[in-house]
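Trainee: I have a model open and would like to learn how to read its features. Shall we go through it together?

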Amino acid sequence: MFRKFLTLASIVLATHLPISANAYDGGENIDDVTLDYYLPDHVQYNPNIPKPSEVLGYEVGQWHVRHDQLVRYFEILAESSDRMTLEVTGYTHERRPLLIAKFSSAENQSRLEEMRQAHMAVSDPSQEVDATEAPLVSYLGFSVHGDESSGINASLLTAYYLAAAEGAEIESWLDNHVILVDPSLNPDGSSRFAQWANQYRAMTSNTDGNHIEHVQSWLRGRQNHYWFDLNRDWLLLQHPESRARVKIYQDWLPNVLTDHHEMGTDSTYFFQPGIPSRKNPDTPDENVELTGLIAQYHADALDELNSLYYTEESFDDFYYGKGSSYPDAQGTVGILFEQASSRGHVQDSVNGVVAFPFTIKNQFITSLSTLRGAVENRDHLLDYQQRFFKDNLELARRERHDGYMLREPQDPARLEELLNILAQHRIHAYPVTEEFTNDGTTYRPGEAYFVPVRQRNYRLLKGAFSTQQDFPNNTFYDVSAWTLPYAFNVEFEAVRTNRRFELSEQAWQHNNDFEANQLGETRVGYVFGWESYFAPRLLTALQRENIHARLAFEEMTISTPQGEQSFPNGAVIVTRAYQQRPWTEVQSVLAEQADANEIRVATLTSGLTPTTGMDIGSRSIDPAIQPKVLIVMGDGAHLQETGEAWYYLDRHVNLPVTMVETDRLTRVNLDDYTHILMVHGWYNGLSEGATNALRQWTRSGGTLIGQRGGAEWMAEQEILGATVVSDETFDEQFPTEGLNYAASSDYYSQRRIAGAIFNSDVDLTHPLMVGFSREQLPVFKNSTLAFEPSESPFVDVARYSETPVLAGFTSEGNRNVLSGKTSIIAHRYGSGRVIGFADNLNFRAFFWGTSKLLSNAIFWSQYINGRVSEEEATAEQAAIEESEHSH
């Protein structure tokens, strides 16, 4: 069958590829490229191993490989080579398979699990093994950004080389060495970009950087299906691609891991060690030294090709959630590669034409140089890994605390997801089995867990829980804080264990132990609270099943078969009245959906409440309006923040959203929608017609929600009654007098908030805060945007605390300005509502602690009645009083 396929592929090659007698020179005539252009000289290849072109129908580099083509080549290669085992590790959001190819000698293929266990023993401090005898493990990862496709295409060549090359060197590489090849870290994004680049490829090459082939539309190939940057998700694990990848990583703990990227077309080639001062302080200096040692092999290989490169500028390895830094926290040498991009097939640069085959060759050659360096330094790498994990236990022993207590009494969902992430990183948390009190805080079984620092992955744990605010180098390529408990709004504190407390001997494991709801018979209905993270999803499910639900904004106490039960503001009531479906169907759907979301439902025994306050039929309890949400996307809107909002509403709320491009707003009937969301962006390009349409729609009863730049635009248009803190206010904190040019980098790093976690004081009585139980809320902040406190009452929902920073770097000047400033504002606007958030509620999808605010802005906006105009506020109050007197 395969030989027949080769024959057909050969016909395709003969029919569609120009024939040239000239050897390809790396220039714009990419139709001349052959496999010989890439492969090292003086190496023989097994003729029984299929070449990429025999499966693809073209030579690597002539077209951008599609993921389905890549998968097919790897499948055929695995069938043809006794050096390779192929595994499907998972599937992307778009159901594309995620692959890992395991290369080792033919003799080793039957004992890969034995080799894995022998290798993992090196990282186990409880086992005394000779590290130098253990198998070496290398991991080659390509193109986590889908439009940085030289890596994906290089993986084809790397796999072919490992399967087909012959001779003493390749035999030494495959002896007692497992090479894991992850050919495409982001199949959905790479497929999107391959389609883009290929559809604009012409027979005659166009090197003009303005040509559409080189300029993607608003929706680029860099991101995954939901428009996330997967290179920031290694620690956060919110996407299936990352979860599959990290499982493989944790199962094998490689000694070396490569992370192949692209950068601007006018650059050359970058590989680490990078800037030593910009590594994470918990990463050992020896890691940088080993990276530098292997860098010599890259330099030699690229010098042989006359390719230019640099190594100790740009980028950093501080954030432990990227592909080149996550391994650094676990005894692996992570190496970042950045190739100047052709972003298409051929493109002009300041250095001349950058051709796609040339970019692929550099990535392929440095993949080989990585393996050469790893094999020739295997003893050092294995010894380093063994010492790394032993040192972890010693460093943990020296800590001032023995571990962290986690506590979340109101919402098990957020706590469970935090524990789930830790477990995937092989960080253990132990359930509290007996109630106890420590420093005034009571910890109860089912609500509290202990995470000891003395465990194998101590450094990763320390990084995940870090609250560090001062750093040797304050320039950050990415964020400076990512404290997981803050992100999930879970209480945590560092504790000593000299006061004994009872813990389970078994670490937390995910299980479905939620006890199913037993809905009692009722003449009135059922109630559930809004504290659970998934309460909005339950309400959405009920509405989609045409089940009537009502919202109780005020606190209430109800009568149940078990006695009185109190609910804070923000309860949902499913009444027997007003249902359009048979009551037994309503009960069945409610029980099924509540159990699926692990939300406890109470049974009402009476429509009268046992205390003063609202009864179930109160006029203050309103029908839940089924929302129809529009998200503004396209030119001007921030791509990733748009994706984050879409992801949250789709995956966590199961709420259908309509996404409309900025240039199409005037052609859409906005009256079809109840809520419009404008995430961060630059909306000054909106037409006057679109601006007026949004203003009139809001005045007529819609709810307009702005986040960061969206809120700022609303304020500029005087739709949101807020004053943005001015640049001049910040200028006063950062004088420039006497600064020389060399001080510019530090000056701008002081003014910038690259990514820190702030504390905010919230008004728990406000409709936007239903379901929240603590008066302080951690928020992620990566800009200086804030609002001046409003002079009008009842419109400021949250303000940054007096001491605002919880974790990460923020200069004293920015702290001084932002302390006490408003971060959330909401008020009436005509018959509608406007809501402004100064920060990204859904940052990288892992800030579960704030993301539910978006649901609150959708489901509870009808209760927002504050006004910024005293005249309007007086009129509103008069209308309310008149309505009450009329009854």
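Trainee: Which residues lie nearest the centre of the largest cavity, and how many residues line it?

Mentor: Keep in mind that this is a predicted model. The lining of the largest cavity has 16 residues. Nearest its centre lie Gln-272, Pro-273, Lys-279, Val-288 and Asp-317.

Trainee: What is the volume of the largest cavity?

Mentor: About 120 Å³. Searching the whole structure gives seven cavities of 30 Å³ or more.

Trainee: Which helix gives the most to the lining of the largest cavity?

Mentor: Helix 10, residues 285-305, with three residues. Now sort the lining by class: five residues are nonpolar, six polar and five charged.

Trainee: How many residues of helix 11 are buried?

Mentor: 18 of its 21, so count helix 11 as mostly covered, given that buried means under 20% relative accessible area.

Trainee: Next, aromatic rings. What describes a pair of them?

Mentor: Two values: the distance of the centres and the angle of the planes. This structure holds 49 aromatic pairs. Take Tyr-45 and Tyr-160: their ring centres are 5.8 Å apart and their planes are at 20 degrees, so the pair is stacked.

Trainee: Where do Tyr-45 and Tyr-160 lie?

Mentor: Tyr-45 is in strand 1 (residues 44-45), and Tyr-160 is in helix 6 (residues 150-164). The pair therefore ties together parts that are 115 residues apart in sequence. Both Tyr-45 and Tyr-160 are buried.

Trainee: What about the rings of Tyr-404 and Phe-465?

Mentor: Their centres are 4.6 Å apart, with the planes at 35 degrees, so this pair is tilted. Tyr-404 lies in strand 12 (residues 403-407), while Phe-465 sits in the loop between helix 14 (458-464) and helix 15 (484-487). This pair ties together parts 61 residues apart in sequence.

Trainee: Are Tyr-404 and Phe-465 buried or exposed?

Mentor: Tyr-404 is buried, at 8% relative accessible area. Phe-465 is buried too, at 2%.

Trainee: Which residues do ring pairs link into a cluster?

Mentor: Trp-218, Tyr-226, Trp-227, Phe-228, Trp-646 and Tyr-647.

Trainee: Which ring face does Arg-201 lie over?

Mentor: That of Trp-63, at 4.6 Å from the ring centre. Likewise, Arg-699 lies over the face of Tyr-829, at 4.4 Å from the ring centre.

Notes:
Residues are numbered from 1 along each chain as its sequence is written. This is a predicted model: local features need pLDDT of at least 70, side-chain atom pairs count only at pLDDT 80 or more; totals for chains, interfaces and linings use all residues. Side-chain values use heavy atoms; hydrogens and water are left out. Buried means under 20% relative accessible area, exposed over 50%, partly exposed in between (1.4 Å probe, protein chains only). Helices (H or I, at least four residues) and strands (E, at least two) are DSSP runs, numbered from the N terminus. On a 1 Å grid over the protein atoms alone, a cavity is a set of points where a 1.4 Å probe fits but cannot get out, and a pocket is an open set with protein on both sides within 12 Å along at least five of seven lines; lining residues have an atom within 4 Å of a point. Grid points are joined across faces, edges and corners, and a volume is the space filled by probe spheres set on the points. Ala, Val, Leu, Ile, Met, Phe, Trp, Tyr, Cys and Pro count as nonpolar, Asp, Glu, Lys and Arg as charged, and the others, Gly among them, as polar. Rings of Phe, Tyr and Trp (its six-membered ring) pair if their centres lie within 6.5 Å; planes under 30 degrees apart count as stacked, over 60 as edge-to-face and the rest as tilted. A charge sits over a ring if NZ of Lys or CZ of Arg is within 6 Å of the ring centre and within 35 degrees of the ring normal.
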